[in-house]
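I am opening a notebook on a structure I have not looked at before. I will write down what I looked up, one entry at a time.

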Amino acid sequence: EPIALAFLNEGYNAAVLYYSVSEARFPTQLVQLSKAMAYIRGNARELNADPDRVYLFGASAGGHLAASLGTLHDREFLNEITGLDAKTIRPDALVLAYPVITSGIKTHGNSMHYLLGENENDEELKELVSMEKQVNKNTPPAFIWTTQTDSLVPAVNSLLFANALIENDVRCELH
């Protein structure tokens, strides 16, 4: 909320998504975010928003969720679950603050356990939720920031995602 309020104070529209945590498992949160994006685009006029400039901000685990929608918006499984098309749910840009990105050895603590639950050792699923491995040319541009002294989410998460964006010729800025 404080971040959304700061954006509002600067004249931007902002919304906060309270998504499921705890016992909810992938792709529950991704479905909720997809529906929120579709709601914003579908109600842009009433919300006084530009449906062609919907940016997604996420920090830490929320950064993983934002990166997930940025990289998985055009996947068939998501369309089948939500009934929404990729254009409707694709963010126009990502802003990621110290995001959890990888499911590899540099992941954040128990993030993958909380995200995948009893499926946390499923290698195919771990690959799918390792966002640096899902970047493609349809991934939106991103502004990413992190700190080397972050004791929770290793900075290499941001570096992995930025590198994948660069390798796919997707514009990004990393701080």
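Which residues is T82 in contact with, leaving aside its neighbours within four places in sequence? I looked this up and found V31 and S34. I note here that the model is a predicted one.

Entry on T82. I placed T82 in helix α5, which covers residues 76-82. Its relative accessibility is 15%, and the cut-off for buried is under 20%, so T82 counts as buried. I also looked at its side chain: a polar atom there lies 3.0 Å from the backbone nitrogen of L84.

Entry on N79. I found N79 in helix α5 too. N79 has 36% relative accessibility and therefore counts as partly exposed. Not counting residues up to four places away in sequence, N79 touches L84 and D85. I then checked N79 against N168, which is 89 residues away along the chain. The C-alpha atoms of N79 and N168 are separated by 23 Å.

Entry on S68. I located S68 in helix α4. Is S68 buried or exposed? With a relative accessible area of 2%, S68 is buried. A polar atom of the S68 side chain lies 2.7 Å from the backbone oxygen of H64. With neighbours within four places in sequence left aside, I listed L30, H73 and M131 as contacts of S68.

Entry on the core. In soluble globular proteins, nonpolar side chains tend to be buried together. I looked for such a grouping and noted that the largest nonpolar core has 36 residues. F26, L69 and F161 have the most contacts inside this core. Elements that each supply at least two of its residues include α2 (28-42), α4 (61-72), β2 (93-97) and α9 (156-167).

Entry on L69. I took L69 from the core for a further look. Leaving aside neighbours within four places in sequence, L69 is in contact with L30, L33, S34, M37, L56, L78, I89 and P91.

Which residues make the nonpolar surface patch of about 540 Å²? I wrote down I3, F7, Y12, F57, F143 and W145. The elements giving two or more residues to this patch are α1 (2-9) and β3 (142-145). I also found β3 among the elements that supply at least two residues of the core. I checked F7 separately and found it in helix α1. F7 counts as partly exposed because its relative accessibility is 37%.

Conventions
Residues are numbered from 1 along each chain as its sequence is written. This is a predicted model: local features need pLDDT of at least 70, side-chain atom pairs count only at pLDDT 80 or more; totals for chains, interfaces and linings use all residues. Side-chain values use heavy atoms; hydrogens and water are left out. Patches are made of residues with over 30% relative accessible area and no salt bridge: like charges are joined within 9 Å, nonpolar side chains (Val, Leu, Ile, Met, Phe, Trp, Tyr) within 5 Å. Accessible areas come from the Shrake-Rupley method with a 1.4 Å probe; for residues, only the protein chains shown count as cover. A salt bridge is a side-chain nitrogen of Lys or Arg within 4 Å of a carboxyl oxygen of Asp or Glu. Helices (H or I, at least four residues) and strands (E, at least two) are DSSP runs, numbered from the N terminus. Buried means under 20% relative accessible area, exposed over 50%, partly exposed in between (1.4 Å probe, protein chains only). A nonpolar core is a set of buried Ala, Val, Leu, Ile, Met, Phe, Trp, Tyr and Cys residues joined through side-chain atoms within 4.5 Å. Contact means heavy atoms within 4.5 Å. A polar contact is a pair of N or O atoms within 3.5 Å; within protein, one must be able to donate a hydrogen and the other to accept it, and residues adjacent in sequence count only if both atoms are side-chain atoms.
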